[in-house]
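Here's a walk through a two-part model, written for someone who likes cut-offs spelled out. Have the viewer open and follow along.

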Amino acid sequence: MELFFFIPIALLSVLLAFGVVFNKSPIGSAVSLIGMMLCLAGVFVIQSAHFLAILQVLIYAGAIMVLFMFVIMLLNLKTAEDTVWKAREHNTLLSVLTGFLVLGLVYKLVEIATDANFGPGMPVAENFGTTEMVGAKLFTDYVLPFEVASILLLVAMIGALVLAKTKTD
Amino acid sequence: MDMIPAPEIDLVSLAPVLVLSVFAMGVLILDLFIGKNKTILAYISIAGLVVSALCSFGHADLPVSSFNGAYVVDNFSIFFTFIFAISSSLAILLSINYNEQEGIKIGEYYALILFCTVGMILLCSSTDMIMIFLGIEIVSISLYILAGIRRTDQRSNEAALKYFLLGAFATGFLLYGMAMIYGATGTTKLAGISSTIVAGGVKSQAILLGGIVLLLIGFGFKVAAVPFHMWAPDVYQGAPTPITAFMAVGPKAAVLAAFYRVFADGFHGVAASWEMALMVVAVLSMFIGNLGAIMQTNIKRLLAYSSISHAGYLLIAIIARNSLGASSLLFYMLTYLFTTFGVFGIVIILGRKGNENLEMENYSGLGYKHPLLALSMAIFLLSLGGLPPFAGFVGKFYVFSAALQEGYVTLVVLAVLNSAISFYYYLKVIVYMYMTDQKVEFQPTLSPYALLVVAIAVLGTIQLGIFPGPVIALAQ
């Protein structure tokens, strides 16, 4: 039953990922990326990590993609991107080296995946990955990282303002 | 629905962090109400750093572990907290006049230094991968901004952008490595990881080793060790000089502290598999750092390469991973703090608006025109090289003897050889100062703050070189 849902979703997400890379227009790439993010959210649902699935949709498919769209529209990347691609297109040495690197990585990954013994799976609690469970963990065991993250966000916000405000005093 | 149990919160352990965060936010708010002169913010920031450092003595019996094993206060973290407080204070003192001269009238500058220090304190006290990640990110993001704070200067922009892009990439490695280690051991706590590895409960050795490699890359980038050092010279050159000094000491020390905790405490069970990789990184850092420094004519780039080689020496302390290694790391960092701030202090004093006098030739004849400045510069450079009786020698001595105790003879021989190479370029600056004729008119900006930093640095360098005993006792 799980596979019945997993296979189409996984296939679709891989296809959409290829779509991001091969699409000619940046908007097309961005739309493919949204689709891929939604498919990943589907995979999380199948793994019964509901909270993660919701966050995936909210943050990646929502906030981050909107940001991407804004950047694409504001900067009108089309012409700039073409020149970058042209410069890289005929670099045979770079392509061959990267090819070797990828082949090596795939070889090693396959080797690891076939040899690895993960042992019997650990049973997870029934409420694992639910919003309630994540919330309880976040405010008890992980309360310090949760609070520290607020400092991180504050610093990032100050930074964005300092670097981007128009008045150069 | 069950009640969620109230978490155990140890505010005393967190006191330095809390105090400093409050001061940082206070600086941000006060900035709105004062005029163009931001000097008062510098004083408040220094006061915050002093109070915060004193707060680290909150616990009587050490070590105290809190927050479910994510945060620890021990002698190691208190010593580091003091190193951070001193280095940030010195950076702020150097900034007061520099900012006026270069027209940096941004109050957030001081707040960001304080926030960066918050990140550093968290980093040296964390015993949980999630906390280490958050600490590194707070430190890094503050530094990206501080490097690019001279918004009208092209080099500063270049530095910030380069640092940001490469740093974000390195963070990816770090996070992926942490995820893999979590997958292999089932915990993010260093104590848990260590006991799982020792007990043989690792799910997949391959995934654990993959995670360790990725962590090595991430940490290596953050401490600017070869081959992950490419950003350092450009960023050090482009960032405002006080920030360069700050970057070379505080954040590097913080990341090394986390590096030490993760590798020497967390992964000591599989030390045989990462030891060789770390040794290669250390040796390459020393050689490429020193040989790269020989080629430089710009003093900031020279110091950037020198700091790469010093990262190599410091990694030896992590490889040794004995109690002497930990205390030698602390002592070395303290000596490096004083000498580095001294050198950068003099660089700042000799610069003036529009011309920072960063080429080595500009130091020609300094010895006759300003003998005291030249003498202090010579002391710092010789200390960086590791000449007795200055502090740098004692620091190197302790690091090397920690490694010798564990039998890493080849490593120590290579390190000593590198110390000898490093004298070539440190002496080159001294030769320029004393043995060549004056080429440019010196117009030093003799600000009391920068002179104070240089005086503290001279005192520290000589004091730690001649009477290292009390501080070494503290570091143990």
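Reading along the sequence, chain A runs α-α-α-α-α-α-α. That comes to 7 helices and 0 strands, where helices (H or I, at least four residues) and strands (E, at least two) are DSSP runs numbered from the N terminus. Before going further: this is a predicted model, in which local features need pLDDT of at least 70 and side-chain atom pairs count only at pLDDT 80 or more, while totals for chains, interfaces and linings use all residues. Residues are numbered from 1 along each chain as its sequence is written, chains are lettered from A and ligands numbered from 1 in the order in which they are written, and side-chain values use heavy atoms, with hydrogens and water left out.

**Chain A**

Of the 169 residues in chain A, 21% count as buried; buried means under 20% relative accessible area, exposed over 50%, and partly exposed in between (1.4 Å probe, protein chains only). Chain A exposes about 12,300 Å², and carbon and sulfur atoms supply 75% of that. Those areas come from the Shrake-Rupley method with a 1.4 Å probe, and for residues only the protein chains shown count as cover. As for contacts (heavy atoms within 4.5 Å), take the ones in chain A between residues at least 6 apart in sequence: 53% of them join residues at least 24 apart.

There's a nonpolar surface patch made of A:Val66, A:Leu67, A:Phe68, A:Phe70, A:Val71, A:Leu74 and A:Leu75, with about 710 Å² of accessible area together. Patches use residues with over 30% relative accessible area and no salt bridge, joining like charges within 9 Å and nonpolar side chains (Val, Leu, Ile, Met, Phe, Trp, Tyr) within 5 Å. One member, A:Phe68, sits in helix α3 (residues 50-75) of chain A, and its 38% relative accessibility makes it partly exposed.

**Helix α12 of chain B**

Over in chain B, helix α12 (residues 299-320) has 22 residues and reaches 32 Å from first C-alpha to last, close to the 32 Å expected at 1.5 Å a residue; the expected span is 1.5 Å times one less than the number of residues. Since 22 of the 22 residues of α12(B) are buried, the helix is largely enclosed by the rest of the structure. B:Asn298 caps its N-terminal end, with a side-chain oxygen 2.7 Å from the backbone nitrogen of B:Lys300. After the helix comes B:Arg321, with a positive phi near 40°. B:Arg321 belongs to the loop between α12 and α13 (323-350) of chain B and is partly exposed at 26% relative accessible area.

**Salt bridges**

Over all chains, the structure holds 11 salt bridges, each a side-chain nitrogen of Lys or Arg within 4 Å of a carboxyl oxygen of Asp or Glu.

| Pair | N to O distance |
|---|---|
| A:Asp141 and A:Lys137 | 2.9 Å |
| B:Lys38 and B:Asp31 | 2.8 Å |
| B:Asp234 and B:Arg301 | 3.0 Å |

B:Asp234 lies in helix α9 and B:Arg301 in helix α12 of chain B, so this pair ties together parts that are 67 residues apart in sequence. B:Asp234 and B:Arg301 also belong to a salt-bridge network with B:Glu158 and B:Lys162. On accessibility, B:Lys38 is buried at 14% and B:Asp31 is buried at 11%. A:Asp141 is partly exposed at 25%, and A:Lys137 is partly exposed at 37%.

Most residues other than glycine have a negative phi, and most peptide bonds are trans. Here, B:Val226 and B:Pro227 are joined by a cis peptide bond with omega about 5°, and B:Pro227 is in the loop between α8 (205-222) and α9 (231-238) of chain B. The bond from B:Pro388 to B:Pro389 is cis too, with omega near 10°; B:Pro389 is in the loop between α15 (371-385) and α16 (391-405).

B:Asn68 has a positive phi of about 60° although it isn't a glycine, and its place is the loop between β1 (64-66) and β2 (71-73) of chain B. B:Asn68 is also among the residues touched by B:Lys189, a list that includes A:Tyr142 from the other chain and leaves out residues up to four places away in sequence. B:Lys189 itself is buried, at 15% relative accessibility.

Key: A polar contact is a pair of N or O atoms within 3.5 Å; within protein, one must be able to donate a hydrogen and the other to accept it, and residues adjacent in sequence count only if both atoms are side-chain atoms.
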